[in-house]
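Visitor: I am new to this structure. Could you please show me how to read the packing and the faces of a helix?

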Amino acid sequence: MRTKSLKKNKINVITLGCSKNVYDSEVLMGQLKASGKEVAHEEEGNIVVINTCGFINNAKEESVNTILEYMQKKEDGEVDKVFVTGCLSERYKPDLEKEIPNVDQYFGTTELPGLLKALGADYKHELIGERLTTTPKNYAYLKIAEGCDRPCSFCAIPIMRGKHKSTPIENLVIEAEKLAANGVKELILIAQDLTYYGLDIYKKRNLAELLENLVKVEGIEWIRLHYAFPTGFPMDVLDLMNREPKICNYLDIPLQHISDSILKSMRRGTTKEKTTKLLKAFRETVPGMTIRTTLIVGYPGETQEDFEELREWVREMRFERMGCFTYSHEENTHAYNLEDDVPEEVKQERANEIMEIQSQISWELNQEKIGQELKVVIDRKEGDYFVGRTEFDSPDVDNEVLIDASKVYLKTGEFTKVKITDAADFDLYAEVIS
């Protein structure tokens, strides 16, 4: 008598939101694989795990729509089970359970062991640094801390991610070594706040010591710093950046605004004078450094004068890289008590105006690069071009270097030297010289 063969479960992990979520999905997938589970990232699978974002309205909307899409697939018999994890689930679990009850189970950001158990897997403590990376093979995110202790009025991250918790240096080095052994050449250091690293476990800001250990990892060629907070920035990091070729001359430092009254209401712990002084110190200490920042327009109480001050400051500072967002009124944040008094269309107009200025600045700075010889890493081939990046550019958010694929063959993940031949607002065109 033949027995019915059991269908093998395949777990499909879907990631929404930021690089921190990408990292968490990779850890989850590594744990599942270690338990012998078949796992895929954003492919096909009869069991689905949606790692959600709950940061601002657009992200929340995308997360809810994705959950609803997979609930429909479950109803249609295309998938068997749907689990939801991540920031949206952490922040709105009771509401979600009420509104979308047919999800099999909801988990918060710190409930990985519970999620694994629901998926029939065990949480393995010994798997330090074991991840299934979902990024192109040449770069990977390295999350050096979780959570945030900053009191920023507009931000819901501490609600979703908890207090700041640094990962010990030795664990991060093990993780970096494993990534390098798998062909990773660029580490992108991420946290809610890099500058706070070490205060909880080493009782001092210890980002420089971490970097000194990471540059020794064989195979790693670039180390990039993302999400540094401007208050209390450890200046010894700049000296290290200057003398250590592996550390990219690049810093992502979200400044949010520059008007003193808005900064005070945002609870940023700094002023226009201090911020401007800090940026000047960056550029003096590390000549040629690329600074990426993000700004928020339309914050409660932002007057036309506040906006004009921000606009003129953007013109003056000439940031190499910048993003601008409209304010999102988030419940349970300090700013939620304020009246969201800037109309949506005014917010959008202000954001567009800032980005137009930035587009012109970016074009002018790119024109200066024509004729320069730069080292680039090749991320992918797209259409007629190989697409690469310089040390001054982070994947997905910054400029790219386009190299005519009909003239040369390049391998993904390889470094090559190019000469810049032309430039647009956010793209550089180049030819290989070695």
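Guide: Two packed helices are described by the angle between their axes and the distance between the axes. Here α10 and α11 pack at an angle of about 15 degrees, with axes 13 Å apart; axes are lines fitted to C-alpha atoms, for helices over the stretch in contact, and angles run from 0 to 180 degrees between N-to-C directions. This is a predicted model, in which local features need pLDDT of at least 70 and side-chain atom pairs count only at pLDDT 80 or more, while totals for chains, interfaces and linings use all residues. Residues are numbered from 1 along each chain as its sequence is written, and side-chain values use heavy atoms, with hydrogens and water left out.

Visitor: How are α10 and α11 oriented to each other, roughly parallel or roughly antiparallel?

Guide: Angles under 35 degrees count as roughly parallel, over 145 as roughly antiparallel, 65 to 115 as roughly perpendicular and the rest as oblique. The two helices α10 and α11 are therefore roughly parallel.

Visitor: Which residues of α10 and α11 meet?

Guide: K272, T275, T276, L279 and R283 of α10 meet E309, W313 and M317 of α11, contact being heavy atoms within 4.5 Å.

Visitor: Which residues of α11 are buried?

Guide: An α-helix has 3.6 residues a turn, so residues three or four places apart point the same way. In α11, the buried residues are D306, F307, L310, R311, W313, V314 and M317 (buried means under 20% relative accessible area, exposed over 50%, partly exposed in between, with a 1.4 Å probe and protein chains only). Seen down the axis of α11, these buried residues fall within an arc of 165 degrees, so they line one face of the helix. On the other side of α11, E305 and E316 are exposed.

Definitions and conventions: Helix = DSSP H or I, 4+ residues; strand = E, 2+ residues; numbered from the N terminus. Arc of directions from axis to C-beta.
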